[in-house]
Amino acid sequence: MSVHMSPEEFRRHGKQVVDWIADYLACVESYPVMSQVKPGEIRRALPSGPPERGEPFEAVLSDLGRVLMPGVTHWQHPSFFGYFPSNASGPAILGDLLSSGLGVQGMSWVTSPACTELETLVVDWLAELLDLPTRFRTDAAGGGVIQDSASSASLVALLAALHRADDGRAADEGVTRRYRLYVSSQTHSSLEKAARIAGLGSAGVRSVRVDPRTLAMDPGHLRTLLAEDAAAGAVPTMVCATVGTTSTTAVDPVAAIGEVCREHGVWLHVDAAYAGVAAVCPELRWLNDGVAEYADSYVTNPHKWLLTNFDCTVLWTADRAPLLGALSILPEYLKNAATSAGSVIDYRDWQVPLGRRFRALKLWTVLRWYGAEGLRAHIRKGVELAQELASWIAAEPGFEVRQPHPLGLVCFRPVWQELDAAEADRATMRLMELLNTSGSMYLTHTRVDGRVELRMAIGGVATERRHVERAWEQIRWEHAALSRTLPGDPEH
C-alpha cells in the first residue's frame, strides 16, 4: 500500500480543504480579530514529538480548528485595521493552489518556460495598469520580477546600485570602500537591514531630514549630505524615496529627489510597497510623479492592497544590466542552450535565492478575474471609507486627525485633558490595548514627533462601511470611559 496520497484521496480531501476555506471566509467576522492566546499556549496543546505512524487528514483539520484557530490573528477579518491590508481574494487563493499543484521550480526559463514567460507578461500588464514608464517593461532595457517581499526587492535594488556605483568591484572583491545609502526617518526599516546584508553596515545609512509637517524627505538636505559624503571620500550609492510610508503614508517628492540624484549620479530607488498599486486609479497617479523621469528601480506590493495573497511583490528596474551583474552566477549544472543563446530571461539572476515559486499564477488570476475596473473599484472603496472616517474624527472634539490622509490609512490621537504628553501617550496606548483585547477590532500605533498616534488602515476585501462605523463608535465609547478614570476628570 502506497504511503502517498492518491489522486482520489487528494480529490476528496482537497474538496474538504476548499470547503473549509470557503466556510472560514464566510464566517471570519465571527472570530475575535486578534488572537487571545498566551505565549506558548499553542505549542503546549500539540504533541511534543512527531507521529511515528501517519494520521488521517481529518485529524489534521480537527487540530487546525481545535488548536491552531485560537492562535490566529485574522488578517482577513473586516475589522482588521492594524496594518496595511494583506488581501487574500478567492481568485488569488485558487491561483496559489494551482501553483502548489503544479509544483514548478522556476529558477530558469528552461526549468519551466510557462513560469518565466507568464511572469514577464503579468509584470508588463501591471506596469501598464499603473502607468509606469515603458523602460520598465521586460521587452525594454529594464524589466520586472516578482519577489517575495519589498524587503527582498529593496535589497536587490541596493545590490544593483552598488554594482553600478563601483563598476562591479564589490561583486569580485567585496565592499572595500565607504558606500552610502540615503533614507529618512520615515523609510521602512528593511532598508537599513538591506545595508547590513549588503556590507554597508548601519553606519553606511544616512538619514535625511523630513518636512516636519508632511514628513516627506527634504531634497535640500539630501543634496547637502551627498556633497559632504563625496567630499569626504565616501561613495553615494542609493537614495530610497518612499511613496506612502508605513507610519503615516507620507509621500516623498520623487521628482525633486530625482533631480538631486541625477546631479550626483546616484541610483534612485522608489519604495511604493503599499501605495504604488493605488495608481491603477487614474486620479491617484500623482503618487508616481517623477518616477518615469528619474527612478532606477521601483517596488510595489500586489499582496497588500491589490487582492493578491502574500507573498507577491513586483520590482521593476530601468536597466537590468547592473542587477544581473550583481547577482548572476552560472555553475555548470545550470547551463543550457537557451541561457547560452541569451534569448531568455532567467529570473534566478534577478533575486537572492536560486529557487522560485510560480507566483505569477496568482497575480494572473487576480488580473483576469477583476480586470482594471474591479481593481479600481476596490482601491476607491478603501480610499472613500478612510476619508469618511477621517471626517468623523476631525468633527469629534476629543480627537485630532493627522493631515494629509490621501489613501486608506488614517492616523489620529485622542485628546486627554489635564494630562502631560507622557501621561497622554500612556493613556492612548491603554486605549489601543482595550480595543484590541476586546476582539472586535485591531489597531496599531506609531510615533510622530515623539507622540503616540493610532493607525487605522482600511482596505480589506470584506470591510464595509458598517465595520468602519462600528469601530469608530467603539473607539469613542472606550475613550469616554477611559477618560472618566484618569486624573483630572471631575468624576475621578
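A cavity, in the sense used here, is a set of points on a 1 Å grid over the protein atoms alone where a 1.4 Å probe fits but cannot get out, and its lining residues have an atom within 4 Å of a point. Grid points are joined across faces, edges and corners, and a volume is the space filled by probe spheres set on the points.

Good morning, colleagues. The structure is a predicted model, in which local features need pLDDT of at least 70, side-chain atom pairs count only at pLDDT 80 or more, and totals for chains, interfaces and linings use all residues. Residues are numbered from 1 along each chain as its sequence is written, and side-chain values use heavy atoms, with hydrogens and water left out.

I begin with the cavities. A search of the whole structure finds 2 cavities of 30 Å³ or more.

I turn next to the strands. Helices (H or I, at least four residues) and strands (E, at least two) are DSSP runs, numbered from the N terminus, and two strands pair if DSSP finds at least two bridges between them. An open sheet of 4 strands has the order β8-β9-β11-β10, and its pairing is antiparallel. At the edges lie β8 (399-401) and β10, each of which pairs on one side only. From one strand to the next, the twist averages 40°, with axes being lines fitted to C-alpha atoms and angles running from 0 to 180 degrees between N-to-C directions.

Within this sheet, β9 (residues 409-414) is joined to β11 by 4 antiparallel bridges, and V410 has M456 of β11 as its bridge partner. On β10 (residues 444-448), T444, T446 and V448 form a covered face, while H445 and R447 form an uncovered one. Between β10 and β11 (residues 451-457) there are 5 bridges, again antiparallel, and R447 stands opposite V452. The hairpin of these two strands has 2 residues between them, and D449 takes a positive phi near 55° there.

How many residues of strand β1 are buried? Of the 5 residues of β1 (residues 143-147), 5 are buried, so the strand is largely enclosed by the rest of the structure. Buried means under 20% relative accessible area, exposed over 50%, and partly exposed in between, with a 1.4 Å probe and protein chains only. G143, V145 and Q147 lie on one covered side of β1, and G144 and I146 on the other. This strand pairs with β7 (residues 313-317) in the antiparallel sense over 5 bridges, and the partner of G143 in β7 is T317.

Finally, I consider E9, in helix α1 (residues 7-27). E9 counts as partly exposed because its relative accessibility is 31%. A polar atom of its side chain lies 2.9 Å from the backbone nitrogen of S6. The C-alpha atoms of E9 and P47 are separated by 26 Å, the two residues being 38 apart along the chain.

How values were computed. A polar contact is a pair of N or O atoms within 3.5 Å; within protein, one must be able to donate a hydrogen and the other to accept it, and residues adjacent in sequence count only if both atoms are side-chain atoms. On a 1 Å grid over the protein atoms alone, a cavity is a set of points where a 1.4 Å probe fits but cannot get out, and a pocket is an open set with protein on both sides within 12 Å along at least five of seven lines; lining residues have an atom within 4 Å of a point.
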